[in-house]
Amino acid sequence: MATRKEIKQEALARVRAERELAKQWKAELAAMPAAERKAAKAAHKAEARAAKRAAKAERKAARAEMTRAERREDSRRERVYRKVKHRPRRIVGWSVVVAVVAIIAVLAAPTVRDISRLLSIKVDSSTTDGVAAREHGAEVAERISDEGLVLLENDGVLPLAEPRVNVFSFASFNLRYGGNGSGGSDQSTAVTLYDALDEQGVEVNPELKQAMEDAGAKTDEGPANGLVAIVDMLAGGGEKEPAPDYLTDDVMTQAKSFSDTALVVIGNDGTESTDMTAEQLTLTDEQRALFDTVTGTFDQVVVVVNSGNQMELGFLEEYPEITGAVWIGTPGPRGAVSLAKILTGEVNPSGRLTDTYAYDVSSAPATENFGDYRYENAERGLLEYEEGIYVGYRYYETRYLGDEAGYQAAVQYPFGYGLSYTGFDRQASAPVVADGRVSIDVAVTNTGDVAGKDVVQVYASAPYLEGGVEKSSIVLAGYAKTASLEPGANETVSIDFALRDLASWNLDQGAYVLDAGQYQLSVATDVHTPVATFPIDVAETTVYDTDETTGAQLENRFGYAADGLTSLSRADWVGTYPSDDDLDPVASDAVLEAMDPTIEPADGDAPTLEADNGIKLEDLQGLEFDDPKWEEFLDQFTLDEQIDLFATGAYETKAIDRLGIPSAILFDSPSGLSFFFGNVTAAAYPTEVVVASTWNDALAFELGESIGAEANAYGVEGWYAPGMNLHRTPMGGRDFEYFSEDPLVSGKMAAGMISGAQSKDVLTFMKHFALNEQEINARLPGVNVFIDEQAMRELYLRPFEISVKEGDASGAMSSFINIGGSWSGGNEQLLQEVLRGEWGFDGVVSTDAVIGGFMDPTLAVRHGNDLMLAPLPNSSISAVKKAYKEDPVGIGEGLRERAHNISYALLQTELFQ
């Protein structure tokens, strides 16, 4: 077997050869007459695709003849090759730290004040109300982890027959309770696995634990705040599983005599600013050696999967001795307690996966375009979403439609999967279609011996015409979770959704279209396992060309983001399968213009400033957003006040005392209040992937409500949450911070969290709007994402749309991402035409942290971004002042609108209640 060094050297040589060929091709292309280049590019693209198909077929044939060990080494070689090809992700994270340090150093003089301002942001969480809020938060967190953990395998080993267990692995000493960065939270109250087992009356083998401690295992205290956590993560913080040499024959003999059951924890870390590699999502050689050792002694092994990203779990089937497995995600500070309760049977697991678990994480087509790609003629990264709508189960269920053997070979655990300690009978009534809505009732009966909760899932399949609009063979239409049902008890749940939700975005018509034909509704236990199926006939095709809530006209708005893009089609899986071999590293003139647009000064008169109308912000309380009195209030601002209010929006907004505008404190994160530049004592919760795995919208509301109550007690007015980007691939560094690969689950959970927090008058900033599914290049140097509008609307914008329409979101955070070259925070189509125009959003929009130079404040002012989350706002202030001199009408109108949106949002907070 080749060594790691040999495999890496082989990968380096392979990549160098590929880059040399690419370099030669670029030279040949540059030497061609301009008129011939387009045809040459197309031919080269076709050749590259054909070559890649041939290589994949050749590798597949070769693997069919290999032994299991040879296949494992072949997979290892491919992972290392992909890792080398797209470079280590952690370098990107370090660039963020370097950028922050560099900015501070270069701008030291004017920056001292700004840094002091950030460091002076303090909240008092020690009050009686604060302590009570945290205690309540811990209760909510445990209820969520109780319902969010997923039982993957159980061959009778769980619940434990006796309260004694051998716990193996260094990872067992430091569970990953959450992620890091701005999505992290205060884990100071986290209960360790060993303490949780002890609390639940489960005796852990003390001699085995001591043997691991003697070998170097220990429980660490993690870094407290976002910035330090990122640095620690990038520096390789946290122990890695060593070779299990410490598990001597004597140790294993003693362990076997202590208990017949072994528990092994595996996991990995996710953090802001960096992504995963496929290699990080599979067992290391040391972990595999650990399983070899443990399964060599024990016939009953339970695996705990402690990861916010989908891991490759095929090894569970390779060892017959593994008879149980529990996915705990990143479960928050009470997660170990919930796990212990599931192991003992006190809690019956009721979580369901919100992602597809494939045997090979790189089998998802989106992984073909995931990594570090850069332009040759511009300081910017680029990324193509060539997979189109076929993300997660939408790909696997459609690709293997009619090929069950192929599906079973590709997918280990389907979306929506999860086991229970009891059984359920589900009887579905025929769906009722009336007034543009579909409802279906399902009677659920507990047929087992213990109480438990069930999740009822309803899926829809639309008629598909080959060569027509792309359609997944199945999509989630709705879901419901039962109450806890005692043995023999039953409950009828109703799932209701709009018929319009089954429509697809038609690029030719620039509208949603519900095609005539027969649709299939299935009541299921997961996306691949129906228990009842019903046909619904749609007699006529319906075109939905206006928004159902606002009546605004719909149209294609992002065509520029798909220019030259070939999206995956179910009509030709092979010919349209994504490939990064045909990526054009030369930005076109149109893309370069989108990156740095030319804007002509606006005509007309600049808005009024410095009027003396005697109106304070509190005088507008209770008035509608468009009440005429707002104009009189806005006339009173000075130019400097408008600019300061807009530019100074990082973690605390600017106060303008003379107008009665107070400052508001704005904190991260979706899993508990936190501050990137300081420590906050606060309740912590499971991360969003675990929240979503409860499939319980009410718990999402409780989480938001609990954080809202805490914010009230601490004097925090805004919450940078929830995170609503999709799990486009298993490798996203912030997948723990997002809900799912599915937009409906993501939107429903986010709407619940938003509604809960806003019931306590807390501003919420749904984020990251939009397309922030990869960390690589997102901040520095920035990344241009290319995507077709169907995928953008049906998948990536949909969770935000649901949050606006069902959660009445009061705020949003624009993303780092440049859509087809146009930065999200200065993108008129995204912020003004879709968010405010189509959906009717009347809240406040903040940028993400202002790091990249592409985050142009003058574009933000003009196109709907109200606050710059700029820790060092001086450059934004200077840029806007300069732009105002050149375009007093355009910038003046933008600043007035920004002041209006910010002021209106502040009125909805606890500051004015």
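I start with Ala462, which sits in the loop that links strand E13 (455-461) to strand E14 (475-481); strands, E, are DSSP runs of at least two residues and helices, H or I, of at least four, numbered from the N terminus. This is a predicted model, where local features need pLDDT of at least 70 and side-chain atom pairs count only at pLDDT 80 or more, while totals for chains, interfaces and linings use all residues. Residues are numbered from 1 along each chain as its sequence is written, and side-chain values use heavy atoms, with hydrogens and water left out.

Beyond its neighbours within four places in sequence, Ala462 is in contact with Lys471 and Tyr519, contact meaning heavy atoms within 4.5 Å.

Next, the sheet. Three strands form an open sheet in the order E24-E26-E29, paired in parallel; strands pair if DSSP finds at least two bridges between them. E24 (766-769) and E29 (844-846) are at the edges with a single partner strand each, so one side of each has no neighbour in the sheet. E24 pairs with E26 (residues 811-814) over three bridges, and Phe769 is opposite Ser814 in E26.

Last, the helices. The axes of H21 (residues 743-758) and H23 (residues 798-807) come within 8 Å and cross at roughly 40°; axes are lines fitted to C-alpha atoms, for helices over the stretch in contact, and angles run from 0 to 180 degrees between N-to-C directions.
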